[in-house]
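Have a look at the model before reading on.

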Number of protein chains: 2
Amino acid sequence: MKIVKIILAAVMLITMSGNPASASRTVKWKLAETWPSNLTPLASPPALVAKMVEEMSGGKFIIRVEGKEKHKAPLAVLDMVKGGQYQMGHSGSYYWKGKDINTIFFTTLPFGMTTAEQYAWFYYGDGMKYMQQVYDRFKVLSYPGGNTGVQMGGWFKKEINSLDDLKGLKMRIPGLAGEVFAKLGVNVTNIPAGELYTSLDRGTIDALEWVGPGMDIRMGFHKVAPYYYTGWHEPASEMQFLVNKRAYDKLSPEYQAMLQAAMKVASADMYYENFAESAEAWDKMKTDFPDIKVKTFPLPVLKAMKKATNEVLGSYAAEDPLFKEILASQRAFMQKARQWTVISDYNYIKTTLELEQ
Amino acid sequence: MKIVKIILAAVMLITMSGNPASASRTVKWKLAETWPSNLTPLASPPALVAKMVEEMSGGKFIIRVEGKEKHKAPLAVLDMVKGGQYQMGHSGSYYWKGKDINTIFFTTLPFGMTTAEQYAWFYYGDGMKYMQQVYDRFKVLSYPGGNTGVQMGGWFKKEINSLDDLKGLKMRIPGLAGEVFAKLGVNVTNIPAGELYTSLDRGTIDALEWVGPGMDIRMGFHKVAPYYYTGWHEPASEMQFLVNKRAYDKLSPEYQAMLQAAMKVASADMYYENFAESAEAWDKMKTDFPDIKVKTFPLPVLKAMKKATNEVLGSYAAEDPLFKEILASQRAFMQKARQWTVISDYNYIKTTLELEQ
């Protein structure tokens, strides 16, 4: 039976060399997302990642995506990924500001960077380094997961002509922008997405902020609050992929590389998808809903918002050295990046607008 | 020897199931790029694609990148990929306008779309469809390969105050913008990159266009031509990956998916890299070279440029039905997209600038 042994050895050799066990092993993961699984474009990146890693691995690396309608715990995504019930999550970093205020930097800041500036900070500045530093305490890895570009400033039942018009206003607006509005006398509340339209219609709230024309028009807000304000508070909201670190470390280097590639494609692609959808919706809005009044907040109101933003950020920075450090990194990067944005894209658009006059 | 046959059958079974021959076969490709292999950020996308597919395939899909310094034929990249000497190329689509004028649409147009608008057209409009239609005749596949954002309008020895200042001016500027300048009385020439500085210094040319602050400052143009004009002619120059179709069809579906993912990551990433480098260079320029005079062309000059652009595009459209069709697709998409750009990013930057005053 010597020949049998030789052949068995050959089997082992072929199996081990041509087909490394680590790379070809079937891996089945689950991903929990904060959104309903049909809520594009927010739900597009996880679906695309699942499709891409399946194709790249020849059907051996499978990620099952579960939307909010399945797991019923949209704001427990970080906990579920940390605990290992899900190997991955897709959400927004600023939802975790109650756990760690430093998570807010990886979504967007009021009066902060644009999408191009922010991606440059993530990949060619200190963004990825700081993001991982913040998420290390949760034992999860965090990656950019898609960008909405500039979000609109929200829908208001009445026009905002001065700071007085904000006092006592009841508004749904989450995150730091909510803290800023609160400083200006707004009664800030949070209301689940499913109840937003009814709350606005019945006057439980006077105003709300959602995303942008593509997603907003589907919600019908324009029917009950005709003033649509341009954005200042979320100039480049980045979504977030979360990966359980232990699960990631068990992946072969090949699967790790596939996952990294897929996440980066999906984050860029969501920006393009949302941009295209917003452009389409904005155009349609002007013909289908001519009663919508598009406004920019008056300059004195914006000045007060900026002052309040700096106060809110300053008070967090005074309490937390890491907050102070990341804020300084973003501000220094933005100062350089903004000059380039102004001389390149901004100046170009300004020129083309002048030519049309 | 029956047991030997059984074991051999087992070997085949293991090899075929756990390790599909198509996916695990070693593939060695070569990629020719139009640039020297150290000319970042233009040379970054091919290097990144090679690194990514190597990692994702566990070292079995290898792409050797060869720069201009090796193959000495920067403007024969399309021919070499078509002929199969190289399986891949990295270049700029508008370099092939002598072979087919319709290739220009996939780089940029004077007064055309911005980077975000153009990627939205590629992936969520008709861009990819038209690009493949144009490249089918060369039997190559074409994909976005990185974007420079708005390119600067070039370096001039003298200030341009009127259309008269353009008459008789000797300028290096390639592509459609060269045709536009020629219509305005400029003597347009093309000069190899290595001779540009000397030509400008000695007065062989009075002006030239290159890329943007990151790459321009390294060339030293500011020392001999202090007027630096903002951009109008290449608002979003997209680089290009070329893939020989027969070679691509021989890849396993897994390797095809890896290559697609890597190209899409690399194209997005070059935009971030170039943005970060431009921001850094612009900031440094202002302190290190305060004598550089940044200017925007006067409105009457820009009006003449726009009129000439439309005439050039119109005459190509009159000759070629496909040109007419793609131009109409870009214009229709841009009309919608630009409204959204103006209300989102442009309005946001405008607001932040007003707040600084």
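## Chain A at a glance

Chain A has 14 helices and 11 strands, with helices (H or I, at least four residues) and strands (E, at least two) taken as DSSP runs numbered from the N terminus. This is a predicted model, where local features need pLDDT of at least 70 and side-chain atom pairs count only at pLDDT 80 or more, while totals for chains, interfaces and linings use all residues. Residues are numbered from 1 along each chain as its sequence is written, chains are lettered from A and ligands numbered from 1 in written order, and side-chain values use heavy atoms, leaving out hydrogens and water.

The C-alpha trace spans about 95 × 45 × 45 Å along its principal axes. Of the 357 residues in chain A, 59% are buried (under 20% relative accessible area; exposed is over 50%, partly exposed in between; 1.4 Å probe, protein chains only).

Two helices can be checked against their expected span (1.5 Å times one less than the number of residues):

| Helix of chain A | Residues | End-to-end C-alpha span | Expected span |
|---|---|---|---|
| Helix 12 (253–288) | 36 residues | 51 Å | 52 Å |

Helix 12 is largely enclosed by the rest of the structure, because 26 of its 36 residues are buried. In helix 3, the buried residues include A:Pro45, A:Val49 and A:Met52. After helix 3 comes A:Gly58, with a positive phi near 65°.

What about A:Lys250? A:Lys250 sits in helix 11 (residues 245–250) and is exposed, at 67% relative accessible area.
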